[in-house]
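Thanks for coming. I will go through one structure today and keep to what can be read from its coordinates.

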Amino acid sequence: NPGGASISPTFIQKLKEKHPNFKYLKLEEPLCAPKFEEIIKISKGEIGLFEGWGGLYMLELIPIGIAGVMPGLGVADILQKVFQLRKEGKHGEAFTIFERIMPQIFFSLQNMELFHYAEKELLMARGILSNSIARKAAYIPDQSSKNYIKELNQRVLSLVNDIS
């Protein structure tokens with residue numbers, strides 16, 4: 001929840017106690033490092049934590065011990081590389097790649113429908129989708145936003161070529 005905290009570590013611990021098959025949790029909250037640390041501590045590391053919200057907070061949370069990141073599909077392979085580099089202690093390389101992908105992630109996350117539009121356009125640009133037809137959206141990006149997304153996606157394609 002980018003708007004603030006969601007469920008508490010105490011609630012998560014109670015869920016784990018009542019449901020032993022509860023193994024993973026995805027949280028999407030700003031400034032959540034202390035919460036992630038507390039969850040890892042009270043669950044004795046038995047709950048794998050995933051960071052969502054496009055991977056925005058991943059560099060902060062990888063050293064804490066998150067299990068992974070759940071971004072959009074269009075940048076998943078790039079953020080996997082960032083994740084692996086950070087886990088290997090190659091912090092400079094991780095930040096360099098992350099800094100190059102961040103404008104696309106940050107811009108698209110301003111609105112969830114904008115994110116879906118940008119995601120589909122990126123998947124088309126990467127040759128994964130043949131079209132970006134979607135349900136009728138309540139939010140339709142203006143031409144300036146469409147142009148900027150196209151520019152950001154071209155930068156992602158350049159990044160993909162650089163790290164391949």
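I start with Phe 107, which is buried, its relative accessible area being 16%. The cut-off for buried is under 20%, so Phe 107 falls in that class at 16%. Please keep in mind that this is a predicted model.

What is the ring of Phe 107 paired with? Its partner is Tyr 148: the ring centres are 4.8 Å apart and the planes stand at 85°, so this is an edge-to-face pair. Phe 107 belongs to helix 5, residues 91–108, and Tyr 148 to helix 7, so the pair ties together parts 41 residues apart in sequence. Tyr 148 has a relative accessible area of 34% and is partly exposed.

How many aromatic pairs does a search of the whole structure find? The count is two. The other one I want to show is made by Tyr 24 and Phe 50. Here the centres are 5.6 Å apart with 45° between the planes, and the pair is tilted. Since Tyr 24 sits in strand 1 and Phe 50 in strand 2, residues 48–51, this pair ties together parts that are 26 residues apart in sequence. Tyr 24 counts as exposed, at 53% relative accessibility.

Now to helix 1, residues 9–18. Which of its residues are buried? They are Pro 9, Ile 12 and Lys 16. These residues cover an arc of only 60° around the axis, and that puts them on the same side of helix 1. As background, an α-helix has 3.6 residues a turn, so residues three or four places apart point the same way. What do the buried residues of helix 1 pack against? They pack against strand 1, residues 24–27, and helix 2, residues 33–42. On the other side of helix 1, Glu 17 and Lys 18 are exposed.

Next, backbone angles. Most residues other than glycine have a negative phi. Two residues here need a remark on that point. Leu 31 has a positive phi, near 50°, and is not a glycine. Leu 31 is located in the loop between strand 1 and helix 2, and at 76% relative accessibility it counts as exposed. Trp 53 is not a glycine either, and its phi is positive at about 50°. Trp 53 is in the loop between strand 2 and helix 3, residues 58–61. Is Trp 53 buried or exposed? At 15% relative accessibility, Trp 53 counts as buried.

On the other end of helix 3 we come to Ile 62, in the loop between helix 3 and strand 3, residues 68–69. Ile 62 is buried, with a relative accessible area of 4%. Which residues does Ile 62 contact, leaving aside neighbours within four places in sequence? The contacts are Phe 83, Arg 86 and Lys 87. Gly 48 is 14 residues from Ile 62 along the chain, and their C-alpha atoms are separated by 12 Å.

Last, the surface. Leu 73, Met 124, Ile 128 and Leu 129 form a nonpolar patch there, and together they have about 340 Å² of accessible area. Of these, Leu 129 lies in the loop between helix 6, residues 112–125, and helix 7, residues 143–163. Leu 129 counts as partly exposed, with 33% relative accessibility.

Note on methods:
Residues numbered from 1 in each chain as written. Predicted model: local features only at pLDDT ≥ 70, side-chain atom pairs only at ≥ 80, totals over all residues. Heavy atoms only, no water. Buried < 20%, exposed > 50% of the residue type's maximum accessible area, 1.4 Å probe, protein only. Helix = DSSP H or I, 4+ residues; strand = E, 2+ residues; numbered from the N terminus. Arc of directions from axis to C-beta. Contact = heavy atoms within 4.5 Å. Patch = residues over 30% accessible without salt bridge, like charges linked within 9 Å, V, L, I, M, F, W, Y side chains within 5 Å. Areas by Shrake-Rupley, 256 points an atom, 1.4 Å probe, with all protein chains shown as cover. Salt bridge = Lys/Arg side-chain N within 4 Å of Asp/Glu carboxyl O. Phe/Tyr/Trp six-rings, centres within 6.5 Å; stacked < 30°, edge-to-face > 60°.
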